[in-house]
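Open the model in a viewer and keep the sequence panel beside it.

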Amino acid sequence: MTKVAVLGYGTVGSGVYEVIKKNRDVISGKLGEEIEVKYVLDLREFEGDPVQEVLVHDVDVIISDPEVAIVCETMGGEHPAYEFTKRALESGKSVCTSNKELVEKYGPEFLQIAKAHNCSYLFEASVGGGIPIIRPLRTSLAQEEILSITGILNGTTNYILTKMETEGLAFADVLARAQEKGYAEKNPDADVLGFDACRKIAILTSLAYGKKVDFADITTEGITSITDKDFAYAKKMGATIKLFAKSVKKSGKYYALVAPFVVFPENPLYAVKGVFNAILVNCNMGGETMYYGKGAGKLATASAVVADVLDCARHKGKHLDIKWEERKLEISPIDGAVRRFFVRTSSAEERIKEFFGEVEMISGVADGECGFVTEEMSEAAYREKAAKFGDILSMIRVD
């Protein structure tokens, strides 16, 4: 029997406890032994909840117990999760986590500590909730050169954009509805400004190329400026709008970006609706593979944590190696990235072509303005032309 402890009895922590309890027979049948939750750490009391029988309020109880082989860190945030994770690893206990903030910031450090103490640090649930993506990157695709990763990595923003598209609603109205339904936090900035997706693509890029990517180095734009008019233009083009988190390796350089994109039906991510997430990985040998599912939610995320628990249980006393160096991956300035751009303006076609050359015009969508799609050009070239042109109502990149 393998005994585990769960740090935090919030949404994900209670889900981990539930998955291990409800799927006890399934887990033991596949693992060949039982998994038992010996402790759950939380400062609160949960009268009437069966978890009360294993509830503790002092992390030292867990750290000092030699029977506990695996710790599930589901507290979220940086502190005290950092201190608790470090102590657990230093005591030889493997740690499985859903904490993307901690993984993005301290992943290489924790992996080194785990290696030194013959245990593991696993974090499948930190990106994409219940979607398996970390494990494929470190195992199934280990033989591949990763050319690009493109993801819809935030269910809140995808839900908002889907409702704007299908119901013609304004951003503020859909955000309010998302908050009512519990899809968006009271303070939604981490989601709608793109920071959540940015942390996740930083983790995926770090794993793809084996070096640390700081999310602060990634150009990040959210969806707060997207309007119903933008969707009207997209519809006329036969397209939609998605918040993409992207990283690309091209000609020996690495680019990363989080921003809204105009997306056409030939892109597999076009059809990803509502709160669902998906990640498209393009490799030099195997081509494209796509990973799709619930990107968040109690049981989906908890299931991913428990999958890591089983991995650690199968390899007790061993270190599951993940290549992720402290040395930083140099992210090139986005200026050199080449793509097309969708632009709205109130200027006439003649003036547009004077500045941008041959473009694809989109008219008859909104009074007093028109839209156009540029030919491929670098981000720097677009910015230079737009600055000289001046009359830009909005710009969205085209995938």
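This is a predicted model: local features need pLDDT of at least 70, side-chain atom pairs count only at pLDDT 80 or more; totals for chains, interfaces and linings use all residues.

**Stop 1: Ser14.** Select Ser14, which sits in helix H1, residues 11-22. Is Ser14 buried or exposed? Its relative accessible area is 11%, and because the cut-off for buried is under 20%, Ser14 counts as buried. Now show side chains: those of Ser14 and Lys298 are joined by a polar contact of 3.5 Å. Leaving aside residues up to four places away in sequence, Ser14 touches Tyr9 and Lys298.

**Stop 2: the H4/H5 pair.** Two packed helices are described by the angle between their axes and the distance between the axes. Select residues 81-90 for helix H4 and 100-116 for helix H5; they pack at about 15 degrees, and their axes are 10 Å apart. Angles under 35 degrees count as roughly parallel, so H4 is roughly parallel to H5. The crossing of the two helices is right-handed. To see the contact, show Ala81, Tyr82, Thr85, Lys86, Leu89 and Glu90 on H4, then Leu102, Tyr106, Glu109, Phe110, Ile113 and Ala114 on H5. Of these contact residues, eight are nonpolar, one is polar and three are charged.

**Stop 3: backbone exceptions.** Most residues other than glycine have a negative phi, and most peptide bonds are trans. The next selections depart from that pattern.

- Select His79 and Pro80: the peptide bond joining them is cis, with omega about 5 degrees. Pro80 is in the loop between strand E4 (68-73) and H4.
- Move to Asn118, in the loop between H5 and strand E6 (121-122). Phi of Asn118 is positive, near 55 degrees, and the residue is not a glycine. With a relative accessible area of 48%, Asn118 is partly exposed.
- Go on to Ser251, in the loop between strand E10 (240-250) and strand E11 (253-263). Ser251 is not a glycine either, yet its phi is positive at about 55 degrees. Its relative accessibility is 76%, so Ser251 counts as exposed.

**Stop 4: Phe342.** Select Phe342 in strand E15, residues 338-345. At 1% relative accessibility, Phe342 is buried. Which residues does Phe342 touch, not counting those up to four places away in sequence? They are Asp230, Tyr233, Met237, Val262, Ile362, Gly371, Phe372, Val373, Ser394, Met395, Ile396 and Val398. Finally, draw a distance from the C-alpha atom of Phe342 to that of Thr139: the two residues are 203 residues apart along the chain, and the atoms are separated by 38 Å.

Note on methods:
Residues are numbered from 1 along each chain as its sequence is written. Side-chain values use heavy atoms; hydrogens and water are left out. Helices (H or I, at least four residues) and strands (E, at least two) are DSSP runs, numbered from the N terminus. Buried means under 20% relative accessible area, exposed over 50%, partly exposed in between (1.4 Å probe, protein chains only). A polar contact is a pair of N or O atoms within 3.5 Å; within protein, one must be able to donate a hydrogen and the other to accept it, and residues adjacent in sequence count only if both atoms are side-chain atoms. Contact means heavy atoms within 4.5 Å. Axes are lines fitted to C-alpha atoms, for helices over the stretch in contact, and angles run from 0 to 180 degrees between N-to-C directions. Angles under 35 degrees count as roughly parallel, over 145 as roughly antiparallel, 65 to 115 as roughly perpendicular and the rest as oblique. A crossing is left-handed if the near helix is turned anticlockwise from the far one by less than a right angle, and right-handed if clockwise. Ala, Val, Leu, Ile, Met, Phe, Trp, Tyr, Cys and Pro count as nonpolar, Asp, Glu, Lys and Arg as charged, and the others, Gly among them, as polar.
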